[in-house]
Amino acid sequence: IKFQLFDNLAPRATTAIGNLASAGFYDGLTFHRILNDFVIQGGAADGAGGPNANVADFDDQFNADLQFTSPGLLAMAKGLDDTNDTQFFVTDTVSPPSTNFPRHLDFNHTIFGKLTEGESVRQAISNVAVNGSGVPNTPVVITSATVLNSDPENAAFMLKALAGSGTADITITASDGQ
């Protein structure tokens, strides 16, 4: 699966996660918590939470343009404010027109990326059998994590209206020019 990281909107998180991925920290770790129609969570060396790999906690970083309004959002998992370390989650909400979005997470967890490829893999992980605590009955292993400088085939884009501009119907057409 591929994510576009929001370096310009959440640089603390993208830098920390990028450094961990480049160092091979996530290779062989698991998605240790799977809550269907909510989140899939990974990034803990022991699967139990808490500090990992001697990574210093870093502060939350919120942006009004990043809110929990779609599936496939990549965000930091944490216990308390400003205690981000290595754990992350991916939102696993039902796609629109559903309104089953975890809006209570807005401005509580740093969003730092968006799934751009691998929706079927995200859904397959979400549907893995789990115990009553959301721990998978069969481990879901992250084989490797790599940071790409660019992905010419996949990208997320942001579209927003100017303040006070009203409402409009918009049609977006994208092509790669080839």
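Here is the tour, starting with the whole chain and then moving inside.

**Before you click.** What you have open is a predicted model, so local features need pLDDT of at least 70, side-chain atom pairs count only at pLDDT 80 or more, and totals for chains, interfaces and linings use all residues. Residues are numbered from 1 along each chain as its sequence is written, and side-chain values use heavy atoms, with hydrogens and water left out.

**Stop 1: the whole chain.** Switch to cartoon view. Helices (H or I, at least four residues) and strands (E, at least two) are DSSP runs, numbered from the N terminus. Of the 178 residues, 38% count as buried; buried means under 20% relative accessible area, exposed over 50%, and partly exposed in between, with a 1.4 Å probe and protein chains only.

**Stop 2: strand E6.** Select residues 111-117, which make up strand E6. Strand E1 (residues 2-5) pairs with E6 in the antiparallel sense over four bridges; two strands pair if DSSP finds at least two bridges between them. Show Lys2 and you'll see its bridge partner in E6, Glu117. E4 also pairs with E6 in the antiparallel sense, over three bridges. Here, Leu73 stands opposite Lys114.

**Stop 3: the largest nonpolar core.** Such a core is a set of buried Ala, Val, Leu, Ile, Met, Phe, Trp, Tyr and Cys residues joined through side-chain atoms within 4.5 Å. Select Tyr26, Phe31, Ile40, Met76, Phe88, Phe112 and Ile125: of the 21 residues in the largest core, these touch the most other members. Helix H1 (11-22), strand E2 (31-35), strand E4 (73-76) and strand E5 (88-91) each supply at least two residues. Which element gives the most to this core? That's H1, with five residues.

Now zoom in on Phe112. Not counting residues up to four places away in sequence, its contacts (heavy atoms within 4.5 Å) include Leu5, Ile17, Met76 and Phe88. A second, separate core has eleven residues, among them Phe6, Val39, Phe68 and Leu105.

**Stop 4: the aromatic rings.** Rings of Phe, Tyr and Trp (its six-membered ring) pair if their centres lie within 6.5 Å; planes under 30 degrees apart count as stacked, over 60 as edge-to-face and the rest as tilted. By this rule there are three aromatic pairs.

Next, pick Phe31 and Phe88, another edge-to-face pair, at 6.0 Å and 90 degrees. Phe31 lies in strand E2 and Phe88 in strand E5, so this pair ties together parts that are 57 residues apart in sequence. Show Phe25, Tyr26, Phe31 and Phe88 together: they form one aromatic cluster.

Stop 5: Go to Asn137, in the segment after helix H2 (119-126). Draw a distance line to His32: the two C-alpha atoms are separated by 10.0 Å, although the residues are 105 apart along the chain. Asn137 also touches Ala129, Val130 and Asn131, not counting residues up to four places away in sequence.
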